[in-house]
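Biologist: I am new to this structure and would like to go through parts of it with you. Could you display it, please?
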Amino acid sequence: MSQLQLPKSFNLVFFGGTGDLVTRKLLPGMYQCDRNGLLVPDGRIYCLGRQDLTQEMYLAKIEEKAREFIPKADWDDRVWSAFLSRLQYVRVDAGEPAEYAVLKEVLERNPAEVNVFFLSVAPSFFTTVCDNLARQGLSRPDCRVVLEKPLGHDLASSNAITEAVGKHYRENQIYRIDHYLGKESVQNLMALRFGNALFEPLWRREWISNVQITIAEEVGIGSRGGFYEGTGALRDMVQNHLLQLLCFIAMEPPVSLDSNAIRDEKLKVLESLIPFKDEDVFKKTVRGQYRAGKLHGKPVVAYTEEAGIPPDSKTETFVAIKAEIANWRWAGVPFYLFTGKRLPTRLAEIVINFRDVPHQIFPLAPGAAGAPAKLVIRLQPDEYIRLYLYAKQPGDTMELQPVYLDLNFAGAFKNKTRRAEGYERLLMDIIRGNQSLFVRQDELEQAWRWVEPILNAWASDPAGPRLYAAGTWGPAASAELLSRDGFCWHDEE
């Protein structure tokens, strides 16, 4: 968020250089940065892998992927050719200590002001990679390490990763990445709250009845069965993405845009989350697992019929949680967290529901009921902010009808600078040394501390997750979670 200067030179090293994340997201993201003139001339990218590929073979491989994931309107042969001149494929097996000498030799031939090591590998390799980088002297102050989630399986394993990486790198060298925080609309959430006098006075328990945070996915688990079966929706989505979004909504105004000022306020939110007791878990959480169904008219198999999933699996693919914050601003305001796979549509949004007027003097039009005032912040697939409210319906009566004011980012800024994707912004922030949008160690630990009682209670529950048909909005119990408080999900109104 704070605009630090780019270094005059950088080396960006991608471990897992032949993997899905690098070829689908990271390299196309860096191409877009180059296309928009954001990269310094002396900036190099090294992609590491253990496959025996020549430079030409690797470049052909990534171009095939890039053409699939870079929009045609953004493709420029001249820019792509110049971008490729920055890239070098280096054969390094991350599990072989001796091969790190090759990486050191390559980097020494092209010394840079900043060296970034992006660990797009399984978390079980984090310790190995960091140990071997340190043995080659690649943990100096000019070096930064980027950790891709999942960052542990529970509090103990997360702390073990923190301790192992922390042996070689200080906290200001460690970037725990969450791509949701790089989205333009998350930045706009901060601007909306702290750059305008309109909303901040209303952003509290006296005026807000509830907050809903949703990340819904149409897709199933695809080829990630082995990973997902040992992870589940709570670890995959709630512990990181949803809690981070909650922090940005609920945090107090930071004193500045300094990275630690922002993260200090996020930590206070996590520390204020009311912890779950065993008896609370089954009252305030719902876990589900998709069974066979239809999505857009096409049949979809059950989770237990996916490749690599045991038929008796109790792994959740859906989670709904009622979270509460014990502080003066938010006491008594429920925060509902909702995520799942094989849902009817793909979307991520935050809905701030305001309280109704104390005495309604106007009649409502047929079908209009309840408090209409809400702020909807859509993160994906399209990005917008909508303020819903009541207005007089045209005609001879004073009946009120819900309407909304719309800020569509694509329309409002169509002649302005292109909006960067999440990984693009985060990669540039790493190179600049801006940690505002990255998770600090104490944040990570506190998030696991809040989630762990839910994990433990579910593990001891013989009933397992509730089943829901693929293509629906999850188990009926998720709607009951809100209806008990007199609310309903935004899309059900």
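Modeller: A residue is called buried when its relative accessible area is under 20%. Please note that this is a predicted model.

Biologist: How many residues of strand β12 are buried?
Modeller: In strand β12 (residues 334-340), 7 of the 7 residues are buried, so the strand is largely enclosed by the rest of the structure.

Biologist: Which residues lie on one side of β12, and which on the other?
Modeller: Pro 334, Tyr 336, Phe 338 and Gly 340 are on one side, while Phe 335, Leu 337 and Thr 339 are on the other. Both faces are covered.

Biologist: Why do the residues alternate like that?
Modeller: Side chains in a regular strand alternate between the two faces of the sheet.

Biologist: Does β7 run parallel or antiparallel to β12?
Modeller: Strand β7 (residues 208-216) runs parallel to β12, joined by 6 bridges. Thr 214 has Phe 338 in β12 as its bridge partner.

Biologist: And what about β11?
Modeller: Strand β11 (residues 318-324) pairs with β12 in the antiparallel sense, over 7 bridges. Phe 338 of β12 is also the bridge partner of Ala 320.

Biologist: Changing topic, where is Arg 176? Is the residue buried or exposed?
Modeller: Arg 176 is in strand β6 (residues 174-177). Its relative accessible area is 4%, so Arg 176 is buried.

Biologist: What does its side chain make a polar contact with?
Modeller: The side chain of Arg 176 makes a polar contact with that of Glu 171, at 2.7 Å.

Biologist: Which other residues does Arg 176 touch?
Modeller: Among them are Leu 147, Leu 151, Phe 438 and Leu 444.

How values were computed. Residues numbered from 1 in each chain as written. Predicted model: local features only at pLDDT ≥ 70, side-chain atom pairs only at ≥ 80, totals over all residues. Heavy atoms only, no water. Helix = DSSP H or I, 4+ residues; strand = E, 2+ residues; numbered from the N terminus. Buried < 20%, exposed > 50% of the residue type's maximum accessible area, 1.4 Å probe, protein only. Polar contact = N/O pair within 3.5 Å; in protein donor to acceptor, adjacent residues only side chain to side chain. Contact = heavy atoms within 4.5 Å. Pairing = 2+ DSSP bridges. Lists of a residue's contacts leave out its neighbours within four places in sequence.
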